[in-house]
Structures are given as C-alpha cells and as structure tokens.
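Good morning, and thank you for joining this presentation. I would ask you to keep the sequence and the structure in view while I speak.

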Amino acid sequence: MKLTVVGLGPGAGEDLTGRARQAIAQADLVVGYSAYIALIRDAFPNKEMISTGMKQEEARCRAAVAAAAGGKNVAVVCSGDAGIYGMAGLVYEVAQEYPPIEIEVIPGITAACGGAAVLGAPLTHDFAVISLSDLLTPWQTISRRLEAAAEADFVICLYNPRSRGRAEALRRACDILLRHKPAETVCGFVRNIGREGEQAVTLTLEALRDNEEVDMFTTVFVGNRQTMLLNGRMVTPRGYLQRARSGDAAEGTDCPEPPAYETKAEKE
Ligand code: SAH
C-alpha cells in the first residue's frame, strides 16, 4: 500500500526525528540491515521486522516493495539519512518493476551533521561529501572528485573512509588532497556518532593520512584553508568576524569577486 524510506539518524536513539518515529510506529512491517534493526527493536518491541545482512540491499528493497504492493504499510530503515548513500534511490528504481505504490522518504540526520556537531562547527562553509567506497564507484571517479574538491578548497566530508578490505583508501585519498591542501590543514573524525563508544579526534591532514583508527563506522572531516581549532573544537568560520574586521567582504580572501549575475531581461 505505502512504503516509507526512513532515515534513523546516526545513532537511532535520540537522533530519530518525530516523523521517523511515527512512520515506524504506523508500519505493519519494518525492513532493514540487521545492525539498524537491532538499534530500534527495543523501541518497537511488537513490530514485525525483517533484517538482512550487508550487501543484500537489492533483496531487501525487493522484499519491501513486494510487501507494499501486496497491501502492507512498509518502512525501510537506513542509518542517517535514507537519501544519502542510503536505500531511497534503489527503492524508487526497484519499484519500477512492481505495481504502483506510494513511496515517501522521511529525512534523517546524516552522519555529516551528527559528526560535525560532535567536532564543533566544521561545515559552516561550502563542503563536499565524498564516499571512498569503490564497491559501486570506480576509484578513478572518486579520485577525480577528491582532486576537484580539494583544488576548490571545499571542506570535505568523507563517508566509508576505510574498511578492512580497503585499508589503503584513506591514505590514497589523503595523498590526493595533499596535492592541494596544506599538510597542517585541520581535520577531524568521529567514530560511532550517537552510539556507544562515540570517539572524536582532531588532527592534521598529514597525521590523518597515517591514522589507523579510522574504520567503516567513522566519518572524516577535512577542513578548508580557514578551518581552525578553537578550544579543541574544529571550526570553519563563515566569515562574519573576518568581514567586520576588514570592513569589506572581498578583502582578505584568496577568491576573486564572483561575476555579477545577469538577469534574462538585462541580456535581451
Ligand atoms: N545513510 C547514511 C550513510 C551510509 S554510508 C547517513 O546518512 O549517515 C556509511 C558511512 O556513513 C559509514 O562508513 C560512515 O562513514 C558514515 N556513518 C554512518 N553512521 C555513522 C555513525 N553512527 N558514526 C560514524 N559514521 C557513520
């Protein structure tokens, strides 16, 4: 009948939004990866739940879509936000092959937001989010995006930074970033955001390159040229104080003035 794709937030407990909680409460069936089902099982003890292992994303989506097409209210749960490296896209793709169902995506707090809040305020300016997983994306594409984001001095947030099977991914990524970002660039990472064992670390880009603690339950933050440590917190200034001090928004930055926008009327 209806399928909701629900982001649980990074920790699933207190990070669950009201809408997410309601969608799960109203579902006849909840489908998700076993680790995420485990996070919500206690809060919804009488709910029918199907949990599947990692790398069974397609099977999980098909089971959910088929159940919804069969008349059930189904919630597919993902960690963080379901539309950010989550199942939302796959649900829409798979649903093409089934009788029409109503699909609703319920947003959640993604790891970038959860981790940024733990570290301080690293994402207060333009940032790029890049996954280092080459399971579905060729490394060549990942490396081109890393290069472009570093060259443009984005703050960079790395998902899937390192796993046992991809122990070198973070080092390789840092080598690319170091071509454009200084070795002392302020970086940070957070493991197990919002979960037991939450751990936050700040370090330089050079030190991040050789870090062995980062794993697949970690989100990594690489600062831009303005990012700094303030009382141990990773902060990227938005520019308010810098503007007030210089008296001119354009002064004191490396960036040229952006071109003035032309409106259609002016062109004609
Ligand atoms: N949909 C998720 C992302 C899934 S990709 C979201 O929006 O957050 C999986 C990656 O997300 C992990 O490798 C890690 O980099 C990050 N991640 C997800 N949950 C996390 C958590 N609780 N703590 C730290 N990193 C997390």
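This is a predicted model: local features need pLDDT of at least 70, side-chain atom pairs count only at pLDDT 80 or more; totals for chains, interfaces and linings use all residues.

Two strands are said to pair if DSSP finds at least two bridges between them. Strand 2, residues 29-33, and strand 4, residues 73-78, pair in the parallel sense over 4 bridges.

An open sheet is formed by 5 strands in the order 3-2-4-1-5, and the pairing is parallel. At the edges are strand 3 (48-52) and strand 5 (102-106), each of which pairs on one side only. From one strand to the next, the twist averages 20°. Helix 2, residues 34-41, lies across strand 2, strand 3 and strand 4, and runs at about 130° to strand 2.

I turn now to the nonpolar cores. Which residues have the most contacts inside the largest nonpolar core? They are Leu132, Leu146, Ile156, Leu158, Leu208 and Val222, in a core of 25 residues. Several elements each supply at least two residues of this core, including strand 7 (127-131), helix 6 (139-151), strand 8 (155-159) and strand 11 (218-222). The largest share, 6 residues, comes from helix 7. Val222 illustrates the packing: leaving aside residues up to four places away in sequence, Val222 touches Phe154, Ile156, Leu177, Leu208 and Met234, among others. Apart from this core lies another, of 20 residues, among them Val31, Cys61, Val74 and Ile101.

Finally, the aromatic residues. The structure holds 2 aromatic pairs. Tyr33 and Tyr36 form an edge-to-face pair, at 5.2 Å centre to centre and with 80° between the planes. Tyr33 counts as buried, because its relative accessibility is 19% and the limit for buried is under 20%.

In the other pair, the ring centres of Tyr85 and Tyr159 are 5.2 Å apart and the planes stand at 55°, so the pair is tilted. Why does this pair tie together parts that are 74 residues apart in sequence? Because Tyr85 lies in the loop between strand 4 and helix 4 (88-95), whereas Tyr159 lies in strand 8. As for accessibility, Tyr85 counts as partly exposed at 46%, while Tyr159 counts as buried at 10%.

Methods:
Residues are numbered from 1 along each chain as its sequence is written. Side-chain values use heavy atoms; hydrogens and water are left out. A nonpolar core is a set of buried Ala, Val, Leu, Ile, Met, Phe, Trp, Tyr and Cys residues joined through side-chain atoms within 4.5 Å. Buried means under 20% relative accessible area, exposed over 50%, partly exposed in between (1.4 Å probe, protein chains only). Contact means heavy atoms within 4.5 Å. Axes are lines fitted to C-alpha atoms, for helices over the stretch in contact, and angles run from 0 to 180 degrees between N-to-C directions. Rings of Phe, Tyr and Trp (its six-membered ring) pair if their centres lie within 6.5 Å; planes under 30 degrees apart count as stacked, over 60 as edge-to-face and the rest as tilted.
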